[in-house]
Structure formats: structure tokens, C-alpha cells
Amino acid sequence: GMNYSKIGVFATQGTINSHAYKTEINKFNSGIEVFEEACPNWVSIVENISDSAGSKLLINTDEDIKYHVNNMLKNNPDKIILGCTHYPYLLDKLEKYCDRDLFIDPAEIFVDYIKNDLYKNDLLNGSDTKGSEEFFVSATPESFVKNSKLFYEIKQLPLVY
């Protein structure tokens, strides 16, 4: 069941410094031990996954991931939260070092929460009509397009600068 006493959190340095997950989890249940592990290289690793040569990457990806997973496993967590939107894209690499079921992707829970909220307020779109999307990026739109194709079907329109 959901009787967890030890929860790990992998996140960026900023998120770990803020103790956001620890604070929220302990508000909900002060008895849960929360182990926080900053993984400063993981965003770069994900953003360069499509770069097969990994030329921009000076990090030994597998060694870096193995290091943080093993460090976390010393705490014997019941579950590990992937506390950054980028991290679920590393699941195939993470599961080399421990069971995939150990990980929680908060985005999946959040999507269900939003869907239920829309349903309760009778705001779910029942028709098959599709909406439209526009993306505004602060830098390097070309690499945004390339990287987003990894996990999202994006129709390439001319880039506007």
C-alpha cells in the first residue's frame, strides 16, 4: 500500500536548496523521512540525449547517474520522486541501477489531478476537435525543435525571430 516511511527526491540544486518537496511531504506527514539528492548534471544530460555523440557533454552520463542512484539507495527509500520535469526522460538509464517501480513521476499525478478537476467542473472537451499550440522560447529555437521531437510530435512551422 501507500505506507511509505522513507522518500527520496532527485532534483536540481535550486529545488534541493529550497527543500520544497521535503516541506510539502512533511506538512502532509511529519513522520516521513525525506532524503534529498541534487543531480546538477541531469538537465544537461537530458537536453543532449538527442546528440548521439554527446559531443557537448563532458559528463560521463552513466557514471553520473550511477553515482546519484547509489548514493540515494544507501538511504533505503520506499520511493524516489523525480523532482524535475527533465528527469523522467532518464528512466531507461535509471532502471539500469534499480527497479523502475521505485520512481515517481509527479507529472503523471499532476495530469490526473488536472483532468479530474476539469471533469468535476464539466470543462472536459468531449469533442474530437484539436486545439492549437504555440511555443515561445527564450533562446536557441532550433535546438528546442530538435529536442522536443524526442517526446512530442511537433509540426515544424517557420521559426519567427
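Colleague: How many bridges join strand β3 to β4?

Modeller: This is a predicted model, in which local features need pLDDT of at least 70 and side-chain atom pairs count only at pLDDT 80 or more, while totals for chains, interfaces and linings use all residues. Residues are numbered from 1 along each chain as its sequence is written, and side-chain values use heavy atoms, with hydrogens and water left out. Strands (E, at least two residues) and helices (H or I, at least four) are DSSP runs numbered from the N terminus, and two strands pair if DSSP finds at least two bridges between them. Here two bridges join β3 (residues 79–82) to β4, the two strands running parallel, and I80 has F103 of β4 as its bridge partner.

Colleague: In what order do the four strands form the open sheet?

Modeller: The order is β2-β1-β3-β4, with parallel pairing; β2 (33–38) and β4 (103–104) are the edge strands, each pairing on one side only.

Colleague: How many of the six residues of β1 are buried?

Modeller: Buried means under 20% relative accessible area, exposed over 50%, and partly exposed in between (1.4 Å probe, protein chains only); in β1, five of the six residues are buried, so that strand is mostly covered.
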